[in-house]
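Here are a few exercises to work through with the coordinates open. Try each one before you read its solution.

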Amino acid sequence: MTDTLVLPSTPVPDVPVDASDRTLPRLVRDTLPVALDVAIEVAKLNGVCIHPIEIKRLDTHTGMVEPFDVPCGATKEAKCPPCAKRNQQLRRAQCREGWHLEAEPIAEPHPATDDQKWLIEFRADVQAKRDTAERDGEEVADWDEAIEGIDAEINASGMRGNVLGGRSIPKRSRSTRRRQDAPDLPKRAKQDTTLGRTFNAPDGRVYRPSLFVTLTLPSYGKIRADQGVPVNPSTYDYAAAARDALHFSKLVDRFVQNLRRVAGYDVQYFASVEPQKRLAPHLHMAIRGTLPRAEMKQIAAATYHQVWWPSVDEVRFQGDHLPVWGERTERAEPYPDGQTGDYLDPTTGELLPTWDEALDQLDTDETAEPLHVLRFGTQVDVQGVLAGSPDADQCIGYVSKYLTKSLGDTLDPDDPNHQARRDHAARMVEALRYEPCSPTCANWLRYGVQPKGAKAGMMPGRCKGKAHKPEHLGYAGRRVLVSRKWSNKTLREHKQDRRAWVLDMLGLPDETATDPHRYVWRPVSTKDPTRTPLAKRLLRGVANRHRTRARLAELQARADGRPIEDLSETTGLEVAA
Ligand SMILES: [Zn+2]
Ligand SMILES: [Zn+2]
């Protein structure tokens with residue numbers, strides 16, 4: 001068992017099913033084996049992951065080996081509707097829990113939990129096995145799939161970034177001349193709290209109001225309200241729209257900084273970046289505590305972000321006239337910038353400036369202008385919300401409404417304006433084609449600058465960055481932004497709350513809690529002859545879901561008070577009424 005990995009306290013998926021089990025729903029028994037596409041539809045209808053990752057579990061107490069399916073954990077409907085929906089429900093719970101907190105969340109940073117440690121070790125093991133497989137010329141798709149799943153788990157467990165991307169290059173310090181000035185805004189004395197003010201009514205009731213804010217980017221040209229497309233595409237400022245989308249998350253960061261400065265307390269928020277009909281990103285933000293509406297508008301108006309990147313005004317290389325790559329000469333030490341070669345002008349042989357050199361030039365150039373300046377549009381919506389009110393629920397709906405969709409995913413083929421909207425999206429993609437998306441973007445070569453960490457084979461217009469893709473339309477950042485002291489729980493902890501609750505309801509013991517070393521897990525390779533066909537695994541998932549649902553419904557019938565809708569809300573299961 002060389003592939004064995006010891007994994008304490010893994011997320012326990014569903015209970016395994018014996019296909020000959022007479023208690024299986026008839027539908028499931030009768031359709032084994034079944035056409036895969038039917039199984040996928042059945043799985044979707046039942047809220048079961050359609051890309052489950054199969055793993056085998058060895059119970060070290062009993063010696064039994066059982067197959068399990070771990071959900072893929074996708075957040076977008078286009079990938080896996082059931083997982084995307086569950087993620088959306090979890091986000092709603094997270095939003096609800098932190099919004100109107102009455103007591104300060106505990107703020108000590110927790111040390112890495114056992115969970116987090118094993119995830120990292122697990123990730124490293126799986127990566128090593130994948131690399132070995134690749135070296136041996138084997139199929140690695142199933143390893144990659146497993147790795148993707150583990151990365152999602154790692155992020156969900158509250159750790160930032162990814163394991164391999166954690167290079168510790170010191171951050172570049174910009175010259176003070178370029179530092180962005182704090183805008184001229186009122187400032188309150190700083191208080192050490194994350195809670196908003198409360199207000200006492202004459203009748204003795206205490207009100208704890210919070211805010212719901214929607215921030216939008218400026219106009220790039222008149223939009224036809226019915227279609228969400230420009231009235232005049234030839235004058236619509238696609239270039240500005242592209243740059244605003246690319247750097248939107250920085251503008252949001254500035255807004256939060258300014259907000260905290262004005263409010264005078266450690267303002268907490270739960271925000272989502274959602275697509276507007278005109279295909280620009282905008283921001284919904286639930287904010288704990290309250291500020292006067294006029295002040296919020298003032299903060300939004302004063303907030304800006306400058307992008308200090310090299311100029312892209314002049315196209316220096318295009319078509320067949322592109323920079324050429326030359327290896328640097330051998331030396332014992334690795335190069336400090338990590339590059340092993342450089343790009344040169346194809347006609348003159350002139351060395352193009354590296355990314356760092358280009359930034360240094362920018363720093364010393366007194367006349368330099370920022371590449372782009374972002375501001376919010378004038379349309380700022382501020383709504384006061386009271387804890388537990390129907391308004392609060394409605395806002396939580398807004399904040400999570402499109403989380404299962406990509407930014408460019410709102411194109412409905414049945415929409416009568418489909419063609420016009422598709423053309424609009426295509427023009428946006430075209431505007432993003434040669435726009436540098438990040439310091440490492442291959443497009444820098446077009447403007448005579450070597451991308452950061454340049455490598456052989458880079459081509460302007462062929463950057464693989466997410467931002468250029470039609471489904472992202474410039475915004476490649478996180479779709480949900482949650483401040484550190486919101487609910488004081490990670491998404492994974494919210495998930496475990498529910499899991500514990502379901503196990504408790506079902507009267508099942510949480511075995512991993514008592515003995516974290518009991519189980520040994522092992523991914524199942526595509527070559528494994530004992531691997532279960534996908535259709536069968538999907539139906540196994542459906543059968544599990546049916547049994548869980550039936551059991552919950554039965555308990556529900558006996559329980560006093562808790563309505564069935566609440567049950568589904570808490571478990572992420574759709575419990576049939
Ligand atoms: Zn899934
Ligand atoms: Zn790029």
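**Exercise 1: the zinc site**

The donor residues of the zinc ion (ligand 2) follow the sequence spacing C-x3-C-x21-C-x4-H. This is a predicted model, where local features need pLDDT of at least 70, side-chain atom pairs count only at pLDDT 80 or more, and totals for chains, interfaces and linings use all residues. Residues are numbered from 1 along each chain as its sequence is written, chains are lettered from A and ligands numbered from 1 in the order in which they are written, and side-chain values use heavy atoms, with hydrogens and water left out.

Task: find which protein atoms are the donors of the zinc ion (ligand 2), and work out why the arrangement is tetrahedral.

Step 1. Take as donors the N, O and S atoms within 2.8 Å of the metal (3.2 Å for Na, K and Ca); water is not among the atoms, so sites may look incomplete.

Step 2. That gives Cys-437 (SG), Cys-441 (SG), Cys-463 (SG) and His-468 (NE2), at 2.1 to 2.3 Å from the zinc ion (ligand 2).

Step 3. The 4 donor atoms subtend angles of 104 to 116°, so the arrangement is tetrahedral (four donors, all angles between 85 and 135 degrees).

Step 4. Cys-437 and His-468 are both buried (under 20% relative accessible area, 1.4 Å probe, protein chains only).

**Exercise 2: cysteines**

Step 1. Cys-395 is buried, with a relative accessible area of 0%.

Notes. Tetrahedral: all angles 85-135°; square planar, octahedral: opposite > 155°, others 65-115°. Buried < 20%, exposed > 50% of the residue type's maximum accessible area, 1.4 Å probe, protein only.
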